[in-house]
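Here is a short report on the fold of one protein model. Look at the sheet first, then at the helices beside it.

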Amino acid sequence: EESVSEQVIDKPMLSDVDVLVVEDNNFNKLLIKNILLGWKANVDMADNGQIAVDMLRNKKYDIVLMDIQMPVMDGYQATEYIRHQLPAPQNEVPIIAVTAHATLTERERCEKSGMNDFVSKPLESEKLFKKMKALIENPKFIGFDKGEQEQLIKINQDLTDLSYLKEISGGSEELMKEMVEIFLTETPDMLQGLTESAQTEDWKTFREIAHKIKPSITYAGI
């Protein structure tokens with residue numbers, strides 16, 4: 001039978017690790033902070049990317065958990081600013097993206113912006129701990145493992161059905177490719193517009209964007 005001390009030793013710990021959590025949703029902030037405090041980490045919170053950048057100027061953190069969709073400065077912008085505008089060693093802090101949009105496109109964009117790894121919401125605490133521990137031990141480690149990438153590809157394939165697009169394009173692969181490229185180019189901006197108009201309760205703009213995006217969602221078979 002395990003002793004109490006052995007059970008304590010087996011519990012995940014990040015003792016004295018300084019973590020900056022960049023998140024604007026109060027529910028998510030409470031959840032993540034509770035998880036990290038349970039691992040004995042030191043936790044600071046920032047409501048958006050701009051606040052996070054200012055905090056990083058004045059304090060050295062071991063790791064950053066970065067939400068993507070935030071007002072003022074989003075996670076991509078904040079990460080790019082940290083990597084290219086802050087001096088060393090602040091610009092080398094490991095950054096893990098924390099996002100509800102578990103798509104291959106999002107994953108690739110996180111990596112391109114300079115993040116070290118990617119976790120999706122709802123959080124799996126065991127997976128988060130492993131990723132954080134790997135980066136704390138090796139701050140230059142780049143995650144985004146192929147197993148997760150293949151899983152995201154499968155998720156994306158399961159979420160789309162291009163048979164209708166093929167039908168209306170007369171089976172033309174060239175036309176289908178052109179329409180998909182337009183969808184991939186325009187949709188992120190429209191989704192961002194939905195987020196911003198919802199935050200400001202500008203429902204007229206929200207309705208207009210939703211009306212505009214609806215046909216392309218249908219054509220993409222999502």
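This is a predicted model: local features need pLDDT of at least 70, side-chain atom pairs count only at pLDDT 80 or more; totals for chains, interfaces and linings use all residues.

Residues are numbered from 1 along each chain as its sequence is written, and side-chain values use heavy atoms, with hydrogens and water left out.

**The sheet**

Five strands form an open sheet: 5 strands in the order E2-E1-E3-E4-E5, with parallel pairing. Its edge strands are E2 and E5 (117-120), each pairing on one side only. Neighbouring strands are turned by 20° against each other on average, direction ignored. Such angles run from 0 to 180 degrees between N-to-C directions, and the axes are lines fitted to C-alpha atoms, for helices over the stretch in contact. Helices (H or I, at least four residues) and strands (E, at least two) are DSSP runs, numbered from the N terminus. Two strands pair if DSSP finds at least two bridges between them.

Two of the pairings are set out here.

| Strand pair | Bridges | Facing residues |
|---|---|---|
| E1 and E2, parallel | 5 bridges | Val21 and Met45 |
| E4 and E5, parallel | 4 bridges | Ile96 and Asp117 |

From E1 the chain crosses through helix H2 (residues 26-38) to E2, and this β-α-β crossover is right-handed. That term applies if, with the strands pointing away from the viewer, the path from the first strand over the helix to the second runs clockwise.

**The helices**

Which residues of helix H3 (residues 49-58) are buried? They are Gly49, Ala52, Val53 and Leu56. Buried means under 20% relative accessible area (1.4 Å probe, protein chains only). Seen down the axis of H3, these residues fall within an arc of 100°, so they line one face of the helix. The arc is that of the directions from the helix axis to the C-beta atoms. The buried residues of H3 pack against strands E1 (18-22), E2 (42-46) and E3 (63-67), and against helix H4 (75-85). Asn48 caps the N-terminal end of H3, with a side-chain oxygen 3.0 Å from the backbone nitrogen of Gln50. H4 lies across E3 and E4, running at about 150° to E3.

**Asp67**

Asp67 is found in strand E3. This residue is buried, at a relative accessible area of 5%. Its side chain makes a polar contact (N or O atoms within 3.5 Å, one able to donate a hydrogen and the other to accept it) with the side chain of Lys121, at 3.1 Å. Beyond its neighbours within four places in sequence, Asp67 is in contact (heavy atoms within 4.5 Å) with residues including Val22, Asp24 and Val98.

Methods
Buried means under 20% relative accessible area, exposed over 50%, partly exposed in between (1.4 Å probe, protein chains only).
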